Amino acid sequence: MTGEQTHLTVMVFPGTQTLPLFAAQARGYFEKRGLAVELKPAPNSEEQRGGLAAGRYQIVHGAADQCVALVEAAKVDAVIVAGGDNGFNHLFVQPEIARIVDLRGRTLVADVANTGWSFVLYDILKRHGLSRDDITIHEAGAPFRRFEAMRDDRTMAAAILNPPFAIHARRAGLKDLGAVVDTIGPYLGTVPYVLRSWANANADTLVAYLAGCIEGLRWVLGPANKADAISLVSERLNVPADIAVEIHTAATDPVRGLAKDAAFDIEGFRTVLKLRADFEGRIPALPEKYFDLSFHRCAIAGL
């Protein structure tokens with residue numbers, strides 16, 4: 001596509017969930033739609049939300065709950081515009097932890113204490129008789145920081161991690177207690193979200209961006225592209241080939257991998273809303289308040 005490109009600054013948490021974006025960049029799926037997309041790694045969810053609200057980023061990819069937090073806590077009119085994944089998250093503990101109940105009185109590592117995967121963590125603890133008051137939260141930020149905190153300080157007893165950091169954690173000797181969705185059920189993990197005002201004012205740009213993402217996703221999931229996709233994982237996430245294979249396997253799993261065409265999991269989103277409402281002691285809001293899939297439908301129609 002010729003002519004001047006539209007520049008987008010997009011904040012992400014690099015990992016399995018960002019493979020479609022890496023593919024769209026590497027294979028020119030954004031460029032051919034007139035987009036120059038700069039991906040910025042997120043240090044934590046607070047900067048991601050605050051930066052979106054302030055206009056530093058036009059689009060962010062983060063936990064669906066982060067968009068809900070932006071709407072409810074910060075009173076910013078943000079909206080989820082597509083689906084993504086279930087988070088690929090596992091609960092890790094230090095090797096000496098035999099049972100979840102053994103986390104009583106310990107320090108657990110989270111991004112921040114009152115959003116996203118923290119609510120998942122609290123729900124898992126509650127199912128084993130522990131309350132928020134029974135543990136201390138150390139706010140470490142992004143997944144790589146949570147992994148490093150547990151690896152470097154044995155007093156950091158548990159954290160929720162996704163690949164590649166879940167793989168690093170297993171190799172570092174931390175104990176994997178399994179996928180969190182095995183405990184809590186369907187969950188909507190990483191999604192793209194934007195300011196509603198920006199989406200309405202830049203609909204064509206947003207549709208083009210989502211189309212590029214979906215084309216990148218289709219390429220990642222395509223069996224014929226496996227070898228090239230693994231090479232891309234290794235390059236973009238700076239991991240050796242064997243870890244890249246594990247990440248690609250998680251991403252392409254037909255049941256638990258990246259959602260085909262970034263489909264929106266409404267039941268998973270209901271879980272997101274329920275966990276936040278339970279923590280805040282209220283009735284969950286209607287899901288439709290927080291998403292607008294019209295741009296996603298237009299993107300699919302144009303492919």
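Five strands make an open sheet of 5 strands, ordered β2-β1-β3-β10-β4, with mixed pairing. The model is a predicted one. A second open sheet, also of 5 strands, has the order β7-β6-β8-β5-β9 and is likewise mixed. Gly15 sits in the loop between β1 and α1.

- The edge strands are β2 (35-41) and β4 (78-80). Each has a single partner strand, so one side of each lacks a neighbour in the sheet.
- From one strand to the next, the twist averages 30 degrees.
- Helix α3, residues 64-72, packs on this sheet. The helix touches β3 (59-63), β4 and β10 (190-195). Its direction makes about 155 degrees with that of β4.
- β1 and β2 run parallel and are paired over 7 bridges.
- Within this pairing, His7 stands opposite Ala36 in β2.

- β5, residues 90-93, is joined to β9 by 3 bridges. These two strands run antiparallel.
- Val93 stands opposite Lys175 in β9.
- Helix α5, residues 143-152, lies across β5, β6 (107-110) and β8 (156-161). The helix runs at about 155 degrees to β8.

**How strands are held together**

- Strands of a sheet pair through backbone hydrogen bonds, in either a parallel or an antiparallel sense.
- The parallel case is seen here in β1 with β2. The antiparallel case is seen in β5 with β9.

- Gly15 has 0% relative accessibility. Buried means under 20%, so Gly15 counts as buried.
- Leaving aside residues up to four places away in sequence, Gly15 touches Phe22, Pro163, Pro164 and Leu237.
- Gly15 and Pro41 are 26 residues apart along the chain. Their C-alpha atoms are separated by 10.0 Å.

Key:
Residues numbered from 1 in each chain as written. Predicted model: local features only at pLDDT ≥ 70, side-chain atom pairs only at ≥ 80, totals over all residues. Heavy atoms only, no water. Helix = DSSP H or I, 4+ residues; strand = E, 2+ residues; numbered from the N terminus. Buried < 20%, exposed > 50% of the residue type's maximum accessible area, 1.4 Å probe, protein only. Contact = heavy atoms within 4.5 Å. Pairing = 2+ DSSP bridges. Axes fitted to C-alpha atoms, helices over the stretch in contact; angles between N-to-C directions.
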